[in-house]
Amino acid sequence: PTLLWTSNNNNVSIDNLGNVAPQAVGVSIITASSGNVQSNYSITVLEDPLPSSFYVYVCDIANFATGPYQILKYDENGNNPEVFINSNLSWPQDILFLEDQGIVLISNLSSGRITKYNSDTGSYIGNFATGIAGPTRMKIGPDNLLYVLQWNNTTNKVKRFELDGTPLGDFTSIGVPQSIGLDWDAAGNLYVSSYSDDFVRKYDLNGNDLGLFINSNLEGPTNIWFDDSGNLFVVDYNGGAVKKYDSNGSYLGIFISGLGKAEGVAFMENGNILIGNGNTSSVKLYKPDGTYINDFISSGSGGLITPNAVIIR
């Protein structure tokens, strides 16, 4: 028989296989009819919550060299925090998902390792790469190789790896002290920021040094990124702002202000920007033009203390 009932003033049907319309929730009395036979049934239909369309992962370094360390996971609204990873971490710096391998990589500054975990459960698998002098940022380049920055090395050169962990050695001809931000322009040139020396250096497609691209108006730069117009944005950790430069490296002013110990940037599909803010133990949300929207992840949510990487998956 076909079962009919009224829910929220709408007639909704359920077939004899038990398929129900999605709005049929919380119904208690239905009438079933077949031929001349009619019966009443008491049924409660419960609505399963829809899965999140994306998740936000935040690397929390808490008290820096002493931790405790964790990778936290939040839903698409910045709510429902859970601990995703809290084992085999040593001053973690960045998060990178390799979806086709079903793993997530975490760079660990103190141990010189990139560790790998199951991308769904967060369970520890082992080492992806070792012997790196303080790995910080990781990013897949235009050549589909993994680029890794080094914080501690005396040469501070950018290293490259195959996506299976095979080391390919140093990529850049000279290093960047305490390097912690990297991105590529539309031509494929690589840019790396120096936290300690307050500059951004430029390299060509083969890793040859092209000199300093930016060496002014910075106080501890961390993450960097290019927009579609070729402008470079720099998260200034000690300067409390995101600063904007044109395609020639000329300073254009402050893009986002009111930050403190900011590190970790991610971009939503609509162009909105997430930025980790250490001073308030939160992740802030901005429009593409830099206008503040709200605290996407509220202060201390899930035990968050000091965000230093933000990833959308």
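## Backbone geometry

Pro68 sits in the loop that joins β5 to β6 (70-74); strands here are DSSP runs of E of at least two residues, numbered from the N terminus. The peptide bond from Gly67 to Pro68 is cis, with omega near 0°. This is a predicted model, in which local features need pLDDT of at least 70 and side-chain atom pairs count only at pLDDT 80 or more, while totals for chains, interfaces and linings use all residues. Residues are numbered from 1 along each chain as its sequence is written, and side-chain values use heavy atoms, with hydrogens and water left out.

Most residues other than glycine have a negative phi, and most peptide bonds are trans. Gln178 has a positive phi, near 45°, and is placed in the loop between β15 (167-170) and β16. Asn217, which is not a glycine, has a positive phi of about 65° and belongs to the loop between β19 (209-214) and β20. Gln178 is partly exposed at 24% relative accessibility, and Asn217 is partly exposed at 39% (buried is under 20% relative accessible area, exposed over 50%, partly exposed in between, with a 1.4 Å probe and protein chains only).

## Surroundings of Asn223

Asn223 is part of strand β20 (residues 221-226) and is buried, with a relative accessible area of 11%. Its side chain makes a polar contact of 3.2 Å with the side chain of Arg137, and the side chain of Asn223 also reaches the backbone nitrogen of Gly264 at 2.9 Å. A polar contact is a pair of N or O atoms within 3.5 Å; within protein, one must be able to donate a hydrogen and the other to accept it, and residues adjacent in sequence count only if both atoms are side-chain atoms.

Leaving aside neighbours within four places in sequence, the contacts of Asn223 include Ile180, Phe233, Val235 and Glu263, where contact means heavy atoms within 4.5 Å.

## Nonpolar cores

The largest nonpolar core has 15 residues, of which Ile71, Ile85, Ile95, Val104 and Ile106 touch the most other members. Two or more residues of this core come from each of β5 (56-60), β7 (82-85), β8 (92-98), β9 (103-108) and β28 (307-312). A separate second core of 14 residues includes Phe54, Val56, Ala266 and Ile297. A nonpolar core is a set of buried Ala, Val, Leu, Ile, Met, Phe, Trp, Tyr and Cys residues joined through side-chain atoms within 4.5 Å.

On a 1 Å grid over the protein atoms alone, a pocket is an open set of points where a 1.4 Å probe fits, with protein on both sides within 12 Å along at least five of seven lines; lining residues have an atom within 4 Å of a point.

Of the 25 residues lining the largest pocket, Lys139, Val265, Ala266, Phe267 and Ile311 lie nearest its centre. The largest share of this lining, five residues, comes from β28. The lining has 15 nonpolar, four polar and six charged residues (Ala, Val, Leu, Ile, Met, Phe, Trp, Tyr, Cys and Pro count as nonpolar, Asp, Glu, Lys and Arg as charged, and the others, Gly among them, as polar). The second largest pocket is lined by residues including Trp91, Trp151, Ile180 and Glu263.

How values were computed. Helices (H or I, at least four residues) and strands (E, at least two) are DSSP runs, numbered from the N terminus.
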